[in-house]
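Dear colleague,

Please find below the structure that I am handing over to you, followed by an account of what was found in it.

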Amino acid sequence: MLSKKVEEALNKQVAYEVYASSSYLSMASWCEKEGLRGTASFLYAQSEEEKTHMLKIFRYINEAGGHALSPALKEPPNKYNSINHVFELALEQEINVTNQINKLVELSLVTQDYASFHFLQWFVEEQLEEEKLFRMILDIIKLAGKEGRSLLLIDNEIGKLREEEEKS
Ligand code: FEO
């Protein structure tokens, strides 16, 4: 049975994951309008992935005896200065999510909620992967910029990343 504290914190995490999904959707739309089709497709998939994170937590709350609450939607930004700006914001968002997950892990330990502690390990791993992915994309953008490669090439590289990730 979830303690009230853990239940509330998990419900907050549901809201963060919904926001992350909505924020990636907004970034995908901006990229698509800029003609960056590979990046848009990567970000649409990322938005879907955040939805699966949200549902994973949502379902767990009910399974563990709490009450999962569907959160209010907060509107994300919809304008960006550049592809670099998009991914800087994306990395910042992932770092924030990592910090929130870490706080949840800490709370589960303090409250001796070992089922939630166990459940959250998947997210600890996932955040490590997500931060790594976004840092890699920022490196690609930086490197391509230095080598004077076109935005189209960067877009193709980012577009291919999701396929490579799924194959590995
Ligand atoms: Fe579900 Fe990327 O945090």
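**A pair within helix 2**

Glu48 and Lys51 are both located in helix 2, where three residues, about one turn of the helix, separate them. Glu48 and Lys51 form a salt bridge in which the closest N and O atoms are 2.9 Å apart. The count of salt bridges comes to five. Please bear in mind throughout that this is a predicted model.

**Overall architecture**

The secondary structure of the chain consists of five helices and zero strands. Read from the N terminus, the order of elements is α-α-α-α-α. The C-alpha trace spans about 55 × 30 × 25 Å along its principal axes.

**Helices 1, 2 and 3 one by one**

Helix 1 covers residues 4-33 and helix 2 covers residues 37-63, while helix 3 covers residues 83-110.

- Gly35 follows helix 1 and has a positive phi, near 85°.
- Helix 3 has 28 residues, so it should span 40 Å; the end C-alpha atoms are 41 Å apart, which agrees. Just after helix 3, a positive phi of about 55° is found at Gln112.

**How the helices pack**

Two packed helices are described by the angle between their axes and by the distance between those axes.

Helix 1 packs with helix 2 at an angle of about 165°, and their axes are 8 Å apart. Angles over 145 degrees count as roughly antiparallel, so helix 1 and helix 2 are roughly antiparallel to each other. Their crossing is left-handed. The contact of helix 1 with helix 2 comprises 17 nonpolar, eight polar and five charged residues.

For helix 1 and helix 3, the axes come within 11 Å and cross at roughly 170°. Helix 1 and helix 3 are therefore also roughly antiparallel to each other. By class, their contact holds 18 nonpolar, four polar and three charged residues.

Since angles under 35 degrees count as roughly parallel, helix 2 and helix 3 are roughly parallel to each other. The crossing of helix 2 and helix 3 is left-handed.

Which residues meet between helix 2 and helix 3? On the helix 2 side they are Thr39, Phe42, Leu43, Gln46 and Glu50, and on the helix 3 side Ile83, Val86, Phe87 and Glu94. By class, this contact has five nonpolar, two polar and two charged residues.

**In brief**

Helix 1 runs roughly antiparallel to helix 2 and roughly antiparallel to helix 3, whereas helix 2 and helix 3 are roughly parallel.

With kind regards

Definitions and conventions. Residues numbered from 1 in each chain as written. Predicted model: local features only at pLDDT ≥ 70, side-chain atom pairs only at ≥ 80, totals over all residues. Heavy atoms only, no water. Axes fitted to C-alpha atoms, helices over the stretch in contact; angles between N-to-C directions. Helix = DSSP H or I, 4+ residues; strand = E, 2+ residues; numbered from the N terminus. Parallel < 35°, antiparallel > 145°, perpendicular 65-115°, else oblique. Left-handed = near helix turned anticlockwise from the far one by under 90°. Nonpolar A, V, L, I, M, F, W, Y, C, P; charged D, E, K, R; others polar. Contact = heavy atoms within 4.5 Å. Salt bridge = Lys/Arg side-chain N within 4 Å of Asp/Glu carboxyl O. Expected span 1.5 Å × (residues − 1).
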